[in-house]
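These are my notebook entries on one structure. I looked up a few places in turn and wrote down what I found at each.

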Amino acid sequence: MTWVLVSVMCLLLVAGYPMMMPLLGATLVAFLIYFPELSMQQIIQQMIGGVKPSALVAVPMFILAADIITRGHSAERLVDLVLRFMGHVRGGLAISVTSACALFGAVCGSTQATVVAVGGPMRPRMLRAGYRDDFTMGLIVNAADLAYLIPPSISMIIYGVLSGTSIAELFIAGIGPGLIIVVLFSAWCWFVAWRQQIPVMPRANWGERLAATRRALWPLGFPVLVVGGIYGGIFSPTEAAAVCVLYAVILELVVFRSIGLRDLWDVALGTGVMTSIIFILIAAGAAFSWIISFAQLPQNIIAGLGLADASVWKVLLAVNVAFFLGCMFVDSVVVMLILVPIFSPLIAAAGLDPVLVGVIVTLQVAIGAATPPFGVNLFTAVAVFQRPFIEVVRGVPVFLLILLGVTVLTMVVPDIALLLRDLAFR
């Protein structure tokens, strides 16, 4: 049955069908050939059940908030704030890109929005300062991955729903690895600037820094709302998403007046299209997961790979390799829909903390977003920067090595992810 499912999915993918068709096609083939006693109504029920969890309401909310602020002035103000404080150090402009991506990721939770909002204005400035274009694009594409780790994170929401893991705990556990990535990326930026003798920007005076801080106070309210609201017990992650939308509308429509009511309609329409794509994938994945669970395929695959009694390290290695390879070729949502149900029994049997595994999976999703051949950030950069795919990819490898290093470090020292979680919830 496993080979039949894989063959059907590969055939439909090669034929050029969107990803929901391979998932549904493989599910229907398995249903018709192997389980004729089942009712089609059961498949439909599983699809509906897949999109029923209330936590998924946060996904379109965070997408909508991200789209609103991407069209507004929030990104510009955050970038200016970081430049005023970091621009004068060696590599300060590149370090500012990394920090700005982290801040904007904490505002919107979307890597592609971060590439557009931060990469658009910062790439020309880096080129004028003397940085090579391949390094510049590689930095932007990979620094945008911080949006996956620093809350709010859409990938963590989906993982939490699929695995039954607390989304609030996942959010706070991603902060530690995210900050380490910021530090390591910044160190590499300093080294590149030193090696290439990139000129240092003039130091901003404290008056300019204070003015930039005042301008950025409103956008900095987003992470305060999300992190402070959730861990202060004021509202749930789903409610935090709704508050973010309201805050984004007030900020960009009323305070900054950067968008109008007509823009809101266009943004909402785009959010609706993106949400429908994600939810169709989740529904199809729920049916697929139910079929493979009904057939006990996860147990058979784990036994076939010799992982039934595997050690914790072998389980973590298997999870990392599977998600790394999967996210290289397929959208991360689809990879999670397929692999999380397969690995969940193995993770539970090994006694691994599901929050730690969730952070590691999110790291692999982040790596996959910037890994050839099908990383979504790469194609976003190609569209935004209007450069050939090969030029965008050329500067990526060193940053991928750093991200893989942080993954290994998180496996070796779990407290990198779990310390803040334990302080907040234990």
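Entry 1: I began with Asn-142, which is buried, with a relative accessible area of 0%. I noted that the model is a predicted one. Asn-142 sits in helix H8, which covers residues 133-143. I then asked which residues Asn-142 is in contact with, leaving aside its neighbours within four places in sequence. I found Phe-185, Ala-370, Val-396, Phe-399, Leu-400 and Leu-403.

**Entry 2: the nonpolar core.** I next looked up the largest nonpolar core, which has 149 residues. The members that touch the most other members are Leu-23, Val-59, Phe-62, Phe-104, Phe-135, Leu-139 and Phe-323. I followed up Phe-104, again leaving aside neighbours within four places in sequence. Its contacts include Ile-69, Ala-75, Leu-78, Ala-113 and Val-118. Thr-70 and Thr-114 are also in contact with Phe-104.

Entry 3: I recorded a nonpolar surface patch of about 640 Å². Leu-28, Leu-32, Ile-33, Tyr-34, Met-40, Ile-44 and Ile-48 make up this patch. Helix H2 (20-34) and helix H3 (40-50) each supply at least two of its residues. Which helix gives the most to the nonpolar patch? I found that H2 does, with four residues. I checked Leu-32, which is in helix H2. Leu-32 has a relative accessibility of 58%, so it counts as exposed, the cut-off being over 50%.

**Entry 4: helix H10 and its cover.** Helix H10 runs over residues 154-163, and seven of its ten residues are buried. The buried residues are Ile-154, Ser-155, Met-156, Ile-157, Ile-158, Tyr-159 and Gly-160. I asked what covers the buried residues of H10. The cover includes helix H4 (58-71), helix H9 (146-149), helix H11 (167-173), helix H16 (261-294), helix H19 (332-350) and helix H20 (354-369). I also looked at what lies on either side of H10. The loop between H9 and H10 holds Pro-152. The peptide bond from Pro-151 to Pro-152 is cis, with omega near 5 degrees. After H10 comes Gly-164, with a positive phi near 75 degrees.

**Entry 5: salt bridges.** How many salt bridges does the count come to? I noted ten. In one of them, Arg-84 pairs with Asp-80, the closest N and O atoms being 3.4 Å apart. Both residues are in helix H5 (residues 74-86) and are four residues apart, so about one helical turn separates them. Asp-80 is buried at 18% relative accessibility, whereas Arg-84 is partly exposed at 28%. I found that Arg-84 and Asp-80 also belong to a network of salt bridges with Glu-76 and Arg-215.

I then looked up the salt bridge between Glu-169 and Arg-421, at 3.2 Å from N to O. Glu-169 is in helix H11 and Arg-421 is in helix H24 (residues 415-425), so this pair ties together parts that are 252 residues apart in sequence. Glu-169 is buried, with a relative accessible area of 14%. Arg-421 is buried as well, with a value of 3%.

A further salt bridge joins Glu-391 and Arg-387, at 3.0 Å from N to O. Arg-387 is partly exposed, with a relative accessible area of 30%.

**Entry 6: a buried arginine with no salt bridge.** Arg-209 lies in helix H13 (residues 206-216). I noted that Arg-209 is buried yet has no salt bridge.

Entry 7: Most residues other than glycine have a negative phi. Gln-197 has a positive phi, near 55 degrees. Gln-197 lies in the loop between helix H12 (175-196) and H13, and is exposed at 53% relative accessible area. Arg-257 also has a positive phi, near 55 degrees. Arg-257 lies in the loop between helix H15 (237-255) and H16, and counts as exposed at 70% relative accessibility.

Conventions
Residues are numbered from 1 along each chain as its sequence is written. This is a predicted model: local features need pLDDT of at least 70, side-chain atom pairs count only at pLDDT 80 or more; totals for chains, interfaces and linings use all residues. Side-chain values use heavy atoms; hydrogens and water are left out. A nonpolar core is a set of buried Ala, Val, Leu, Ile, Met, Phe, Trp, Tyr and Cys residues joined through side-chain atoms within 4.5 Å. Buried means under 20% relative accessible area, exposed over 50%, partly exposed in between (1.4 Å probe, protein chains only). Contact means heavy atoms within 4.5 Å. Patches are made of residues with over 30% relative accessible area and no salt bridge: like charges are joined within 9 Å, nonpolar side chains (Val, Leu, Ile, Met, Phe, Trp, Tyr) within 5 Å. Accessible areas come from the Shrake-Rupley method with a 1.4 Å probe; for residues, only the protein chains shown count as cover. A salt bridge is a side-chain nitrogen of Lys or Arg within 4 Å of a carboxyl oxygen of Asp or Glu. Lys and Arg count as positive and Asp and Glu as negative; His and the chain ends are not counted.
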